[in-house]
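The sequence and the structure are shown first.

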Amino acid sequence: MLSLVVLLGAALSVTEGWSERAEVLVEAGSRAVLPCVTSVPVGNSVTVQWIKVSGSVQTTVWRIEQSGLEFRGVGPGERSDCPHSSFVKGDFSLHIDDMREEDGGEYICRAGQGKWQIQNLVTLRVIQVSFTPALPVEGSNVKVTCKVTPLLMQASHVSTGDGKLDMYHQALGKEEGKATQSLSMRGFVSPASPLTQVYAEVGSAVTLPCVATEGVTRTFWEKEQGGTLPPSVQSSNLSSHPPGDCSLSVARVEEGDGGTYRCSGTVEGRTVQRRLQLVTAQVRSRASEKSNAPVTLTCHLSDERGVTKYEWVRVTYDVNGTRRVTSLNWAKTFKIQKMTEENSGEWACRYYGKEGILGNATYHVPALSYLEGERAAGSSGKAGVITGLTFLFLVTLLIALQMYKNHRRRKMILQYPALETIVHSSSNDREQRERNRTREKEKNQQTDV
């Protein structure tokens with residue numbers, strides 16, 4: 001959107017035949033105040049009349065009688081007012097809302113009791129700025145017209161800068177008038193710059209903005225220099241965006257996603273586009289294999305041309321969960337001298353541009369006591385498993401030895417079957433003698449009785 005400002009001088013002088021003569025310049029659509037002020041006492045009950053002069057024709061715009069009867073004419077009179085509360089101060093100025101081109105011209109102010117004690121002449125000039133065509137396509141030529149009604153002859157010049165076009169008109173007076181007109185174009189309204197940088201941390205989500213006006217068709221995205229769109233947006237549901245919103249959403253930024261992307265479209269056969277550079281950021285660490293050795297953190301960006309300075313901060317939380325950020329160093333790299341429990345937590349690298357902070361990248365240092373606890377728990381668990389397996393192995397070995405001995409004994413006996421028969425026969429004879437001895441003993445006890 002382009003703002004256009006026109007500055008014009010207004011001459012103010014006293015001419016013979018009039019109490020005062022003034023010139024007012026106002027912007028079309030705004031409120032105009034036509035001055036009619038006197039220091040001569042007029043009285044409380046007064047007649048006030050405002051007349052518009054068009055050639056030889058005079059038309060009453062607004063009038064109030066001494067009786068308080070008020071009259072409004074057609075045209076500007078329907079949008080006019082003269083505050084009654086200001087009459088006692090000698091102020092009979094006319095207020096006209098919503099200025100239009102046809103309202104420009106000469107106005108006469110009269111005020112008095114019985115006869116006109118004040119007769120002021122005010123020239124009202126309406127300033128308008130217009131464009132041809134009214135709604136151009138971005139990149140095309142536009143004709144800018146500044147119109148003052150009634151015409152004011154004066155020298156003028158045009159200057160441009162910062163996307164603003166200013167037209168200055170040199171006049172003789174000290175007062176100035178201003179007209180502003182916004183220029184709307186068909187094309188892309190966001191981002192406004194043809195090349196915009198977007199910063200994102202590796203692993204985070206990011207959106208590349210691209211919003212088109214009505215009439216832009218066949219929009220598409222591509223990565224310059226033969227690159228491809230990130231995998232996380234290859235099947236992006238761009239159709240779910242609002243009408244005109246062609247923004248590209250990346251669910252997870254990878255290190256290789258950095259580069260320049262182009263959002264293009266077509267309007268009236270003309271190609272319009274916006275280029276967005278995605279700059280990825282991450283913290284890279286370098287440490288020795290020794291325990292509690294220093295760790296060097298480096299803030300790495302895929303493109304550092306827009307960065308003016310770096311800042312390292314530490315983020316901590318108290319028992320209530322309140323977040324606290326402590327600035328530590330203004331450099332691209334930072335060294336943590338010793339990996340202790342006190343240094344665990346979140347470390348962040350902030351990077352700045354000319355207009356302020358651009359983004360940040362974080363690095364998390366795990367709690368050392370937690371890691372040591374894990375190691376201790378892991379070692380204890382391993383020792384228990386080893387002890388259990390050793391005991392099971394010894395028991396199994398003892399059982400196997402006993403089974404082997406039994407097997408060997410049975411095998412040795414089976415090798416001498418005759419000896420086995422003698423052993424069994426001897427055992428049987430011994431058992432028979434024992435039974436006979438028991439019977440003889442029982443029989444003798446009965447005989448004694």
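## The disulfide of Cys36 and Cys109

Cys36 is bonded to Cys109 through a disulfide, with a distance of 2.0 Å between the two sulfur atoms. Because Cys36 sits in the loop between β3 and β4 while Cys109 belongs to strand β9, the pair ties together parts that are 73 residues apart in sequence. The link of Cys36 and Cys109 is left-handed, with -75° about the S-S bond. The model is a predicted one, and the values given here are computed from it.

Cys36 has a relative accessibility of 0% and counts as buried. Cys109 is likewise buried, at a relative accessible area of 0%.

## The other disulfides

The whole structure contains 3 disulfides. Another of them joins Cys210 to Cys263, with an S to S distance of 2.1 Å. Cys210 is placed in the loop between β17 (206-208) and β18 (211-212), and Cys263 in strand β21 (residues 259-267), so this bond ties together parts 53 residues apart in sequence. The torsion about the S-S bond of Cys210 and Cys263 is about -80°, and the disulfide is therefore left-handed. Cys210 and Cys263 are buried.

Cys299 and Cys349 are also joined by a disulfide, at 2.2 Å from S to S. Here strand β23 (residues 295-301) holds Cys299 and strand β27 (residues 345-353) holds Cys349, so the pair ties together parts that are 50 residues apart in sequence. This link is left-handed, with -95° about the S-S bond, and both Cys299 and Cys349 are buried. Counting bonded cysteines along the chain, the disulfides follow the pattern 1-2, 3-4, 5-6.

Cys82 is buried, with a relative accessible area of 0%.

For Cys246, the closest cysteine sulfur is in Cys263, at 5.0 Å, and this distance is too far for a bond. Cys246 counts as buried at 11% relative accessibility, because buried means under 20% relative accessible area.

In soluble globular proteins, nonpolar side chains tend to be buried together. The largest nonpolar core of this model has 24 residues, of which Leu34, Val48, Trp50, Trp62 and Phe92 touch the most other members. At least two residues of this core come from each of β2 (20-27), β3 (32-34), β4 (47-54), β5 (57-64), β8 (94-96), β9 (105-113) and β10 (115-132). Strand β10 gives the most to this core, with 4 residues.

Apart from this core lies another, of 22 residues, which includes Phe188, Tyr261, Val267 and Leu278. What does Leu34 touch, not counting residues up to four places away in sequence? Its contacts are with Trp50, Ser93, Leu94, Ile96, Tyr107, Val122 and Leu124.

Phe393, Leu394, Leu397, Leu398 and Leu401 make a nonpolar surface patch of about 510 Å². Of these residues, Leu394 is located in helix α1 (residues 368-414). Leu394 is partly exposed, because its relative accessible area is 45%, and partly exposed residues fall between the 20% limit for buried and the 50% limit for exposed.

Conventions: Residues numbered from 1 in each chain as written. Predicted model: local features only at pLDDT ≥ 70, side-chain atom pairs only at ≥ 80, totals over all residues. Heavy atoms only, no water. Patch = residues over 30% accessible without salt bridge, like charges linked within 9 Å, V, L, I, M, F, W, Y side chains within 5 Å. Areas by Shrake-Rupley, 256 points an atom, 1.4 Å probe, with all protein chains shown as cover. Salt bridge = Lys/Arg side-chain N within 4 Å of Asp/Glu carboxyl O. Buried < 20%, exposed > 50% of the residue type's maximum accessible area, 1.4 Å probe, protein only. Core = buried A, V, L, I, M, F, W, Y, C linked by side-chain atoms within 4.5 Å. Contact = heavy atoms within 4.5 Å. Disulfide = S-S within 2.5 Å.
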